[in-house]
Amino acid sequence: MLTLGIDIGSTTSKVVVLDAVGEVVESKIIPTGASPASTGEALIAEFSGKHSIAKVYSTGYGRSLIACADKSLTEITCHAVGVNYLHPTAIGVIDIGGQDSKAIHLAPDGSVLDFAMNDKCAAGTGSFLDNIARKFDISYPAMLEYYEHSDKRVNINSTCVVFAESEIIGLLANGESMENIFKGVLRAIAMRINRLYSQVKLSASTEIYFTGGVAQNAAIQKALCEELKADITVDPYAQLMGALGAAVLARRDL
Ligand code: ADP
């Protein structure tokens, strides 16, 4: 009796398959591409060909495009359930994906007490970081190096990706160091996430579980730790957390 959770995100599509005892049998992450519906259907066909899947639950921004799913659920519900499944004492979650960021306050049973979401602007999301990294040809490990070697506080005031690029170009032209500029960029993102987090009424001392693809970015992990003055835990399933939560909920409904 296997269950499959599928998370059709703006940037990547994720699958987690759980077995009858709730262990992860298989998982996969691929780019969503231009056709979320066909990406999702192809993933489900691939896993259904290999396993006998009893139930499929979908999540992510493209969840309703998965016609063959038995149910679709929000990412907030699924990230909450996924984190609670792996870390039953967790109460604070920050999820940063390709196009949005969320802060979630969990109840002890993994249900959502409160959440705040930014899906209106790219600032504080993976696509903002991806654009800046691409434009200035910086790898994510290099971002961490810059962060750690900055010796001066530089404020980046623009949060729109286009204006932030112009601001960075201006600072570089004025001789400001890459270290100071990119620490400023990362601190600006962490400040936005901190504002989101404060909306869900969690104390800064709470241990925070960081999910979504951006959780793998060590520079943002560090900036968030410093800005929120909190311990940040990144589970190996961070990017798969929504798909895991969907698979867990499907299993509960068997
Ligand atoms: P969505 O669910 O919205 O599609 P994801 O949660 O899959 O988004 O996150 C995608 C983002 O994660 C990318 O835009 C990228 O910035 C970031 N990301 C993915 N893998 C890594 C990595 N190994 N290191 C740093 N950032 C990463």
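This is a predicted model: local features need pLDDT of at least 70, side-chain atom pairs count only at pLDDT 80 or more; totals for chains, interfaces and linings use all residues.

Asparagine 217 first: I find it in the loop between β9 (208–211) and α7 (218–228).

Is asparagine 217 buried or exposed? Its relative accessibility comes out at 5%, so I log asparagine 217 as buried, the cut-off for that being under 20%. Leaving out residues up to four places away in sequence, I get contacts from asparagine 217 to Leu129, Tyr140 and Met143.

The largest pocket has a volume of about 590 Å³. I count 33 residues in its lining, and Ile96, Gly97, Gly98, Gln99 and Gly213 are the closest to the centre. Which elements give two or more residues to that lining? I get β1 (2–8), β2 (12–18), α2 (75–86), β6 (92–96) and α3 (126–135). By type, the lining residues split into 16 polar, nine charged and eight nonpolar.

β1 turned up there, and I checked that strand too. Seven of the seven residues in β1 are buried. In a regular strand, side chains alternate between the two faces of the sheet, so I looked at each side. One side of β1 has Leu2, Leu4, Ile6 and Ile8, the other has Thr3, Gly5 and Asp7, and all of these are buried.

Last, the partners of β1. With β4 (residues 53–59) the strand runs parallel, joined by six bridges, and isoleucine 6 sits opposite serine 58. With β2 the pairing is antiparallel, over six bridges, and glycine 5 faces valine 16. A hairpin of three residues links β1 to β2.

How values were computed:
Residues are numbered from 1 along each chain as its sequence is written. Side-chain values use heavy atoms; hydrogens and water are left out. Helices (H or I, at least four residues) and strands (E, at least two) are DSSP runs, numbered from the N terminus. Buried means under 20% relative accessible area, exposed over 50%, partly exposed in between (1.4 Å probe, protein chains only). Contact means heavy atoms within 4.5 Å. On a 1 Å grid over the protein atoms alone, a cavity is a set of points where a 1.4 Å probe fits but cannot get out, and a pocket is an open set with protein on both sides within 12 Å along at least five of seven lines; lining residues have an atom within 4 Å of a point. Grid points are joined across faces, edges and corners, and a volume is the space filled by probe spheres set on the points. Ala, Val, Leu, Ile, Met, Phe, Trp, Tyr, Cys and Pro count as nonpolar, Asp, Glu, Lys and Arg as charged, and the others, Gly among them, as polar. Two strands pair if DSSP finds at least two bridges between them.
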